[in-house]
Amino acid sequence: MRLITRLLLPLCASVSFSCLANTCNTGRLQSPINITSTQKQKLPALEFTYLTSPLVIANDGHTLRVRLNNHSQLKLGKQIYTLSQVHFHTPAGDQISGETFPMGAHFLHKSSSGQLLALVVLFRVGDSNKTFDTLLSNIPKQVGPNQAIQSTSINVNGLLPVSKGYYRYMGSLTAPPCTEGVEWLILKEPISVSTEQLAVYKKSFSDNARAAQPVNQRPILESM
Ligand SMILES: [Zn+2]
């Protein structure tokens, strides 16, 4: 018994996917996923009202987070969601028909009733992205809390593709506690990031994407 305890304890000393016998392991609505078969439907158009704001940015040791506190909003049907942060994953995590993407941006929103919504923008290697350049030149060197960058503003509209067609499914947070019931919207059109930009980002952050999770008969809706 003592041996077993000794063997198990070091493995479970920290919070991780393998040690939490909870939603991360047993949930059936987990994110990200590989989108294969979809149901094409007339879904409500996404209405973005993302506003320019002073740049507030954090390096949490795993990702670069842009904090928004400026009432930037996304309207989906009658529901309004307020944007609180944008962060990045390499690779993207979500896949489309098995295609993996070198980077993804997660835009996290919340409605006034507390419903969470994650909007995903996928990146392919190509031209550089101007807005991402602004973020790269302001990566905090030290891991730590939010930093307000003097005289620099940002509008995360610059991280959205022109076409706003999307996939929609019910998913989860991708890190413990992996809470389910999060609306996931994945924009169908990827945007581009240059090889050089990816290299700069990866100098500060190692790969941090969660593997694609089982779909488990979840309907995946696709806008027409
Ligand atoms: Zn994320």
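User: Where does Pro177 lie in this model?

Analyst: In this predicted model, Pro177 lies in the loop that runs between strand E12 (166-172) and E13. The peptide bond joining Pro176 and Pro177 is cis, with omega about 15°.

User: Which other peptide bond is cis, and what is its omega?

Analyst: The bond between Ser31 and Pro32 is cis, with omega about 0°. Pro32 sits in the loop between helix H2 (23-26) and strand E1 (34-35).

User: Is Cys178 buried or exposed?

Analyst: Burial is judged here by counting C-beta atoms within 10 Å, and 20 or more makes a residue buried. Cys178 has 23 such neighbours, so it counts as buried.

User: How does Asn216 read by phi and by burial, buried or exposed?

Analyst: Phi of Asn216 is also near 55°, and Asn216 is a residue other than glycine. Its place is the loop between helix H4 (195-204) and strand E15 (221-223).

User: Turning to strand E10, how many of its residues are buried?

Analyst: E10 covers residues 116-125, and seven of its ten residues are buried, so the strand is largely enclosed by the rest of the structure. As a general idea, side chains in a regular strand alternate between the two faces of the sheet.

User: In which sense does E10 pair with E9, and over how many bridges?

Analyst: E9 (residues 103-111) and E10 pair in the antiparallel sense over eight bridges. His109 stands opposite Leu117 in E10. The hairpin of E9 and E10 has four residues between the strands, and Gly114 takes a positive phi near 95° there.

User: In which sense does E10 pair with E13, and with E14?

Analyst: E10 pairs with E13 (residues 180-187) in the parallel sense over four bridges, and Ala118 stands opposite Trp184 in E13. E10 and E14 (residues 191-193) also run parallel, joined by three bridges. Phe123 faces Ile191 in E14 as its opposite residue.

User: What is the mean pLDDT, and where is the pLDDT below 50?

Analyst: The mean pLDDT of the protein is 91, and 91% of its residues reach 70 or more. Over residues 1-14 the pLDDT is below 50, and this stretch has two contacts in the model beyond near neighbours in sequence. Where pLDDT is low, the predicted coordinates should not be read in detail.

Terms used:
Residues are numbered from 1 along each chain as its sequence is written. This is a predicted model: local features need pLDDT of at least 70, side-chain atom pairs count only at pLDDT 80 or more; totals for chains, interfaces and linings use all residues. pLDDT is the predictor's confidence in each residue, from 0 to 100. Two residues are in contact if their C-beta atoms, placed from the backbone, lie within 7 Å. A residue is buried if 20 or more other C-beta atoms lie within 10 Å of its own, exposed if 12 or fewer, and partly exposed in between; C-beta atoms are placed from the backbone. Helices (H or I, at least four residues) and strands (E, at least two) are DSSP runs, numbered from the N terminus. Two strands pair if DSSP finds at least two bridges between them.
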